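Good morning, and thank you for joining. I would ask you to keep the structure on the screen while I go through selected features.

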Amino acid sequence: MPRLSDTMEEGTILRWLKSDGEHVARGEELVEIETDKATMVYESDQQGALAIIAAEGATLAVGEPIARVGAAGAAAADGGGQEDSGGVPAAGAEARTDAQTRQEQAPGQRASDGAPAGDGSPAPAPSPAAGSAAAARSDGERLKASPLARRIAQERGVDLSAVRGSGPGGRIVKADVLGAEDVQTVAAGEEVLAGHRAAASAPSAGLPEVATAKGETTDVALTRTQQTIARRMAESKATIPDFAIQSDVDMEQCVALRGELKRLAPSAAASGAQPGAPTYNDMVVKACALALREHGRANGSYRDGTMHLHSRVNVGVAVAADDALVVPTVFDADEKSLGEIARETRGLAGRVRAHTITPPELGGGTFTVSNLGMYGVKSFTAIINPPQAGILSVGTLEQRAVVRDGEVAVRHMLTLTLVCDHRILYGAEAAQFLARIRALLESPSALTL
């Protein structure tokens, strides 16, 4: 399993692009892998016959073998499931090192049953988890579990022999261990877990269905992206002392500017530039970038009691796709023109929805803009993307009755909500930063420079 991003610990094989036994050339697309940030296509760095070890849907830790390519791969493919001379299992088998095998054995199992250990003292009794695993092995069936699942089970005291694996060939993966932890007890772990699995699956013949007030319940496993979002958002709310401030922005001049840019769009397309005028969200991103350049603390981050002030202004733009929220990054947004930002954000959003976005395009952000205005939301309070100092929530652009020069007038208005990490941004600094964004949007000439 290759490491496809800095934060990747494990990956899920979504689809093999080559068949088992097929010849693969160096640089050919080999497999689609889902990481914690995106779905990536991995290209082969070897050439030769392909022997697939891990099936589609398998989740493996970084460094675990997923296939063999070349002469060794051909030997594995022709070996009928036997290990080759290098000691690596053929397709469908698990790769296990001697160190892992020794780690799985309880101390009492390394000596003969009932015999004293090497120092003359009685061998310690094996733990319940080790005893169950040993019983499973004594029956001739070795427990199948990924190294990551074994480590988590060992840390949390989960009996792997009572866990039903959802991976290929019944292999126990991380999600199985985490799911078992909630229902497993030391005394009756096997019974409780079996009942939990049975309740989640179709009812067995002869057992009556139990009606509940909630009706039928369907368990839906989170994708790796959704798991990452859940973990980071929980981390944000649990660790960041945040506060929010709001400001209403008169967008009348931005509306006029966009109208003029839309009129110029056909001539720009004729000259070879990408058609389409910048959106109001592009204007907000540009205004944020210019304000971030002037207010360095808003462009900072907090880690372990230290404030980091970043020299580059990289604005993340939240994009909704497939029941997940992905935040690609516009790098050096303060140095790019409004047209460049518009073209880049349009391209990033397209790659997010097409699942072709790459991990480098999702990292490096120093500030985030999240817009729900297209859904008619007037204002909302977003959750900070740690370790950033803040996030700007953009509401819907609408006509409102406002007072101008003592008279009621109809103006295009927009509500911005700035959520800040109080460890970095204090109230007055946050207010000045938001006021600068408002000033740039109310006089948008500077956005076109």
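I begin with Pro-387, which lies in the loop between strand S15 (367-371) and strand S16 (390-394). The peptide bond that joins Pro-386 and Pro-387 is cis, with omega at about 5 degrees. As background, most peptide bonds are trans, and most residues other than glycine have a negative phi. Please bear in mind that this is a predicted model.

Two residues bring us to the matter of phi. His-355 sits in the loop between H10 and helix H11 (359-362). Phi of His-355 is near 60 degrees, a positive value in a residue that is not glycine. With a relative accessibility of 45%, His-355 counts as partly exposed. Asp-405, in turn, occupies the loop between strand S17 (398-404) and strand S18 (407-421). Its phi is also positive, at about 55 degrees, although Asp-405 is not a glycine. Is Asp-405 buried or exposed? Asp-405 is exposed, and its relative accessible area is 81%.

Let me turn to another aspartate. Asp-334 belongs to the loop between strand S14 (329-330) and helix H10 (338-353). Asp-334 is buried, yet no salt bridge is found for it. Which side chain of opposite charge is nearest to Asp-334, and how far away is that side chain? The side chain in question is that of Arg-293, at 4.1 Å. Leaving aside residues up to four places away in sequence, Asp-334 touches Lys-286, Ala-289, Leu-290, Arg-293 and Val-313.

Next, the strands. Strand S3 (residues 29-34) is mostly covered, with 5 of its 6 residues buried. S3 runs antiparallel to strand S1 (residues 10-16), and 4 bridges join the two. S3 also runs antiparallel to strand S4 (residues 39-43), here with 5 bridges. Glu-34 takes part in both pairings: Glu-34 is the bridge partner of Thr-12, and Glu-34 stands opposite Thr-39 in S4.

There is also an open sheet of 3 strands, in the order S2-S5-S7 and with antiparallel pairing. Strand S2 (23-24) and strand S7 (67-69) form its edges; each has a single partner strand, so one side of each is left without a neighbour in the sheet. S2 is joined to strand S5 (residues 48-52) by 2 bridges, and these strands run antiparallel. Within that pairing, Val-24 has Gly-48 of S5 as its bridge partner.

Now to helix H12 (residues 427-442). H12 has 16 residues and reaches 22 Å from its first C-alpha to its last, close to the 22 Å expected at 1.5 Å a residue. Which residues of H12 are buried? They are Ala-430, Phe-433, Leu-434, Ile-437, Leu-440 and Leu-441. Seen down the axis of H12, these buried residues fall within an arc of 120 degrees, so they line one face of the helix. In general, an α-helix has 3.6 residues a turn, so residues three or four places apart point the same way.

I close with the chain as a whole. The protein chain contains 12 helices and 18 strands. Of its 449 residues, 39% count as buried. Among contacts between residues at least 6 apart in sequence, 61% join residues at least 24 apart. Thank you for your attention.

Notes
Residues numbered from 1 in each chain as written. Predicted model: local features only at pLDDT ≥ 70, side-chain atom pairs only at ≥ 80, totals over all residues. Heavy atoms only, no water. Buried < 20%, exposed > 50% of the residue type's maximum accessible area, 1.4 Å probe, protein only. Lys, Arg positive; Asp, Glu negative; His and termini not counted. Salt bridge = Lys/Arg side-chain N within 4 Å of Asp/Glu carboxyl O. Contact = heavy atoms within 4.5 Å. Pairing = 2+ DSSP bridges. Expected span 1.5 Å × (residues − 1). Arc of directions from axis to C-beta.
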